Amino acid sequence: MGDWLNVRGWVGDISYFLSDNTVGMSRFWEYKYAVAGLLTEVIMATIVFITMMLTMLAIPWIERKFIARLMDRRGATTALRSLWVGEGGHHADWYGNVPFGLGKPLRWLNKFLNEHVGSASDIHSVDRVKDRGYHGIWFLIPGLFQAFADFTKFASKEWIVPAKADRLMFEIAPFIIIASTVMIFAFIPFGPHIWAANTEMSLLFMMAIFGIAPLGVFFAGWSSNNKYTLLGGIRSVAQLTAYEIPLLITVLSVAVLSGSLNILEIVEFQLSSGTWNIFLLPLGAVLFLITMIAEVERIPFDMPEAEAELVEGWWTEYGGMRWGLLFAAEYMRSFAACLLFAIFFLGGWETPFGDLIGALIPSQDLILGGIAVGLIGLSILLRSELPALAAPLPILFLTVMPGLVWMLLKAWLLFAVFVWVRASLHRIRTDQILEFGWRWLLPLSIVNLGIATWLRLSVWNGSEWPLAIPGLITAIALVLFIILAIDEDQTQLQGRERPYSIQTEAPASTRSDK
C-alpha cells in the first residue's frame, strides 16, 4: 500500500508552482528549476527538524512516566491544564491589569477551562484538595508539559564559566555535541516521503557524523579543568571507542544484507523482500540495541556520568542552558538510536502485517478508511457507539495510518525498552564495560557480519527470502534466549519478589499496632 502522506511531493509541487508564477522568475530563466529544487530541500529540512523536535517531546515523557510506574509512582504530573488551574482552587486575577480590556476574554476563557477541564473530580479526596495532580482530563497528557517547565528553568539560569577553565573550548564543546546530534536527523527518514537528505551513501555519512560527539565530550571534560570532569571525559572516550567499533560492524552487516549503503533502500529492501531484518539478523538486533545504549551512555553504561563518584561526570561544570543543551542532546541521540533500530530491523515505516491488510483492504478504499476514522473520532467525542462499523473499523484505521505514525510508534516502543533496561539493571564498572565491549561484542559483531554475508551470497534469490530461513533463524534465536534467560543464579534471586519497587512490603516500624 502506498503512503498518502506525500509531504515531499506536495512541497515540490508548491516550489515549482512558485518558480513558474513568481514575479521575476521568467519562464526563460534557466535557473528557476534549480531554485525550486533548492527551495524544496530547505523546506523539507525545516519540516524534518520541526517533526524531530515535536515528536521528541514524547521521549522525556516516556522516561518520566514509565520509570515512575515501574517504581510504583506517578511521575511528573504537570499538564497543560496547569496553565489555568490555580493552586488550592484559586487563580490569581490579574486580567484587570491587561490594557485595552483584553483581559476580559482571558478571564472568561480561564473560567470556562476551569469549569470543564479543571481539578474537579469524582474522587472525594481529589475534589477536596482542588489542586494540580494526576487526576483530571487524560487527553491533556499529565507530565508532558514538564519539559517546557524544564526548558524555562534552564533558559533563565545564569551562565557561569569556571575561572581556570579553557573558556573557548568550554564554550564550543556543547555546540559540537548538539550540532552533530541534530545533523544525524538529516539522514533519518520519518517516512517514505519525509526526509531531508538522501545521498547514495547516506548510511556512511550518518554514522560518520554520529562519531563526532565523543570529541565534544572529551573537550568538555578536559576544558573544565576539573578532576571529576576529566575522569568522566576519559571514561566516555574509552567507552564510546570500545562500543562504536562493534556498532559500525553491526550496521555494516545490515548494509551487506540489504545490498545498499542508502538508508531508504535498506527500508525498501525489507518491504520488497517480505521479511524484516530482525528475523534474519536477531543477533545483529541485540548487538545494535546494546551498543546504542552504551553510545548514548544510559544505565547500565553510564559510568562517565556516575553521580555517585564523579558528581555529574564530564558535564559537572556546565549549568543553565548549556547543561540543557547537553541534556537535550542525550535524548536526541537516544531518539535517533530508536529510529535507526526501527529502520534497520523493524521495516521502518512499514505497517506490521501490511501485505495481509493490503489484501483485505485495497488501496482504493483509503477514502472509506478516512471516513471511518472520522466516525471513530466523532463517536468518541459524543461518547456513543457505532456497532455496525465495529468489525471493519480497526482494519480501515490501519489503512490510513501514514508511515510516519508507524515509525514513531516503533521508536517510542524501543525507547520504552531503554527505560526498562534502566530500571532493571544496575550500573557496572568501567573495566567491566570495556571488557564486555572488546571481548564479547566485537567478536559477536564479526560473527553477525559473517552470517549477513552468507545470507546475502548463498541464500538470497534476488526477489524474496524463502519462508523457512527467517522462521528457522528466529526459532534458533528464541531457543538461545530461553536458555540464557533460565540460566540464573538462584541465590541472587532470593527475596527479590518485586525487583522494580523501591517500597518495602512490610512496615518499617516494629510496633504491633503499625
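Does Glu-63 count as buried or exposed? Glu-63 has a relative accessibility of 4%, so it counts as buried, the cut-off being under 20%. Bear in mind that this is a predicted model.

Glu-63 has two charged partners to go through. Arg-298 forms a salt bridge with Glu-63, with 2.8 Å between the closest N and O atoms. That pair links distant parts of the chain: Glu-63 sits in helix 3, Arg-298 in the loop between helix 12 and helix 13, 235 residues apart. Arg-298 is buried as well, at 6% relative accessible area.

The other partner is Arg-422, whose closest N and O atoms to Glu-63 are 2.4 Å apart in a salt bridge. Here the separation is 359 residues, from helix 3 to helix 18. Arg-422 counts as partly exposed, at 32% relative accessibility.

Next, a local pair. Arg-167 forms a salt bridge with Glu-171 at 3.7 Å between the closest N and O atoms. Both are in helix 7, four residues apart, so about one helical turn separates them. Arg-167 counts as exposed at 51%, while Glu-171 is buried at 16%. As for shared partners, Glu-63, Arg-298 and Arg-422 are joined by their salt bridges into one network.

Now the second largest pocket. Its volume is about 580 Å³, and 21 residues line it, with Met-53, Met-56, Ala-147, Phe-151 and Ala-328 nearest the centre. By class, the lining has 18 nonpolar, one polar and two charged residues. Helix 14 gives the most, seven residues.

Definitions and conventions: Residues numbered from 1 in each chain as written. Predicted model: local features only at pLDDT ≥ 70, side-chain atom pairs only at ≥ 80, totals over all residues. Heavy atoms only, no water. 1 Å grid on protein atoms, 1.4 Å probe; cavity = no way out; pocket = protein on both sides within 12 Å on 5 of 7 lines; lining within 4 Å. Points joined across faces, edges and corners; volume = space filled by probe spheres on them. Helix = DSSP H or I, 4+ residues; strand = E, 2+ residues; numbered from the N terminus. Nonpolar A, V, L, I, M, F, W, Y, C, P; charged D, E, K, R; others polar. Salt bridge = Lys/Arg side-chain N within 4 Å of Asp/Glu carboxyl O. Buried < 20%, exposed > 50% of the residue type's maximum accessible area, 1.4 Å probe, protein only.
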